[in-house]
Amino acid sequence: QVRVVESGGGLVQAGGSLRLSCVASGSITVINTMGWYRQAPGKQRELVAIITSGGTNYADSVKGRFTISRDNAKNTVYLQMNSLKPEDTAVYYCNARGVRTSARIYLEVWGQGTLVTVSS
């Protein structure tokens with residue numbers, strides 16, 4: 001079974017930085033797309049950034065401040081978050097799509113999320 005586990009969340013002051021990590025495990029051979037989404041209290045889950053072999057895509061609200069990167073050998077994706085703002089406060093979820101294992105293909109796998117709180 002494929003699992004996706006996030007880490008790196010926490011409390012930071014506005015203007016500060018955090019780095020989130022997400023590791024996918026479970027006899028994985030290929031992952032098509034990995035990405036980060038977030039959900040603030042009372043709001044819908046939204047895309048933050050995704051990365052594929054073809055490149056990256058960011059939400060307008062984080063462009064120039066956040067950077068997504070990936071280590072395919074480790075099935076790991078990172079989100080470097082700089083110049084954090086209070087409005088970045090949310091639970092951040094890792095997402096993996098098109099996950100191929102020796103037994104099957106998983107269309108989509110979600111992590112349980114990691115909380116990022118930015119104080120003003």
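**Stop one: D88 and its partners**

Select D88 and R65 and show their side chains: a polar contact of 2.7 Å joins them. Keep in mind as you click around that this is a predicted model.

Where along the chain are you? D88 sits in the loop between strand 8 (76-81) and strand 9 (90-101). Is D88 buried or exposed? With a relative accessibility of 0%, D88 counts as buried, because the cut-off for that label is under 20%.

The D88 and R65 side chains also meet in a salt bridge, at 2.7 Å from N to O. R65 belongs to the loop between strand 6 (55-58) and strand 7, so its pairing with D88 ties together parts that are 23 residues apart in sequence. R65 is buried too, at a relative accessible area of 10%.

R38 has 5% relative accessibility and counts as buried.

R38 forms a salt bridge with E46, with 2.7 Å between the closest N and O atoms. How accessible is E46? At 36% relative accessibility, E46 counts as partly exposed.

With those four residues on screen, you have a network: salt bridges that share partners join R38, E46, R65 and D88. A search of the whole structure finds five salt bridges. As background, side chains of opposite charge can pair when their charged atoms come close.

Leaving aside neighbours within four places in sequence, D88 is in contact with R38, R65, F66, S83, V116 and V118.

**Stop two: the nonpolar core**

Select W36, L79, M81 and Y92. In the largest nonpolar core, which has 33 residues, these four touch the most other members. Strand 9 gives the most, with five residues.

Centre on L79 for a look at what surrounds one of these residues. Not counting residues up to four places away in sequence, L79 touches L18, R19, L20, W36, V48, A49, F66, T67, I68 and Y92.

**Stop three: an aromatic pair**

How many aromatic pairs does a search of the whole structure find? The search finds one. Select Y37 and W110: their rings are edge-to-face, 5.0 Å centre to centre, with 65° between the planes. Y37 is in strand 4 (residues 28-39) and W110 in strand 10 (residues 105-110), so the pair links distant parts of the chain, 73 residues apart.

Y37 is buried, with a relative accessible area of 11%, while W110 is partly exposed at 32%.

**Stop four: along strand 10**

Stay in strand 10 and click on V109. V109 is buried, with a relative accessible area of 10%. Beyond its neighbours within four places in sequence, V109 is in contact with V2, V4, C94, N95, A96 and V99.

**Last stop: charges over rings**

Two arginine–tyrosine pairs are left to select. For R45 and Y93, the charged end of R45 sits over the ring of Y93, 3.7 Å from its centre. For R104 and Y106, R104 lies over the face of Y106, at 3.9 Å from the ring centre.

How values were computed: Residues numbered from 1 in each chain as written. Predicted model: local features only at pLDDT ≥ 70, side-chain atom pairs only at ≥ 80, totals over all residues. Heavy atoms only, no water. Phe/Tyr/Trp six-rings, centres within 6.5 Å; stacked < 30°, edge-to-face > 60°. Helix = DSSP H or I, 4+ residues; strand = E, 2+ residues; numbered from the N terminus. Buried < 20%, exposed > 50% of the residue type's maximum accessible area, 1.4 Å probe, protein only. Lys NZ or Arg CZ within 6 Å of the ring centre and 35° of its normal. Polar contact = N/O pair within 3.5 Å; in protein donor to acceptor, adjacent residues only side chain to side chain. Contact = heavy atoms within 4.5 Å. Core = buried A, V, L, I, M, F, W, Y, C linked by side-chain atoms within 4.5 Å.
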